[in-house]
Amino acid sequence: MNPESFSPLAPSLWVMPNFLPAALERKMFYQKNVGSKERVARLVAGVLMGACGLVFFGATPLGWLALGAGVMTVGTGLVGFCPACAMVGRKLPDGPR
């Protein structure tokens, strides 16, 4: 009996094969294209955009649109990736600044 296994018929989880496709084994699906200072600015601007949208426009379609834009801006600030910047080819410079 294998000392790492609880049962002689089934291997333990430690030695079981990985069934994930090779595409899912990558550590990151995207390259970050938003710097740290810009990420903080996006977080602040997104919160302000959403709050101002609901305060000034209320629960109107324009207010919800401003809130949605604020949520997307906060999301790009949290993740560090902006799809619009990626479409135009923006990349962060290599190495420390």
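What follows is a short exchange about a predicted model of one chain.

Biologist: What makes up the chain, in helices and strands?

Modeller: There are 3 helices and 0 strands. Along the sequence the pattern reads α-α-α.

Biologist: How do you know what confidence the predictor has in the chain?

Modeller: Look at pLDDT, which runs from 0 to 100. Its mean over the chain is 76. Of the residues, 67% reach 70 or more.

Biologist: Where does pLDDT stay under 50?

Modeller: Over residues 12–16. The model has 5 contacts for that stretch beyond four places in sequence. Where pLDDT is low, the predicted coordinates should not be read in detail.

Biologist: Why does Gly 46 count as buried?

Modeller: Buried means under 20% relative accessible area. Gly 46 has 2% relative accessibility, so Gly 46 counts as buried. This glycine is found in helix H1, residues 36–57.

Biologist: What does Gly 46 touch, leaving out residues up to four places away in sequence?

Modeller: Gly 70, Thr 73 and Val 74. A contact needs heavy atoms within 4.5 Å. Take Val 74: Gly 46 is 28 residues from it in sequence, yet 4.9 Å from it in space, C-alpha to C-alpha.

Biologist: How many contacts join residues at least 24 apart, among those between residues at least 6 apart in sequence?

Modeller: The share is 62%.

Biologist: Why is Val 55 called exposed?

Modeller: Exposed means over 50% relative accessible area. Val 55 has 64%, so Val 55 counts as exposed. Like Gly 46, Val 55 has its place in helix H1.

Biologist: Which residues form the nonpolar patch on the surface?

Modeller: Val 55, Phe 56, Phe 57, Leu 62 and Leu 65. Together they have about 570 Å² of accessible area.

Biologist: Which helix gives the most to the nonpolar patch?

Modeller: H1, with 3 residues. Helix H2, residues 61–79, also takes part: H1 and H2 each supply at least two residues.

Note on methods:
Residues numbered from 1 in each chain as written. Predicted model: local features only at pLDDT ≥ 70, side-chain atom pairs only at ≥ 80, totals over all residues. Heavy atoms only, no water. Helix = DSSP H or I, 4+ residues; strand = E, 2+ residues; numbered from the N terminus. Buried < 20%, exposed > 50% of the residue type's maximum accessible area, 1.4 Å probe, protein only. Patch = residues over 30% accessible without salt bridge, like charges linked within 9 Å, V, L, I, M, F, W, Y side chains within 5 Å. Areas by Shrake-Rupley, 256 points an atom, 1.4 Å probe, with all protein chains shown as cover. Salt bridge = Lys/Arg side-chain N within 4 Å of Asp/Glu carboxyl O.
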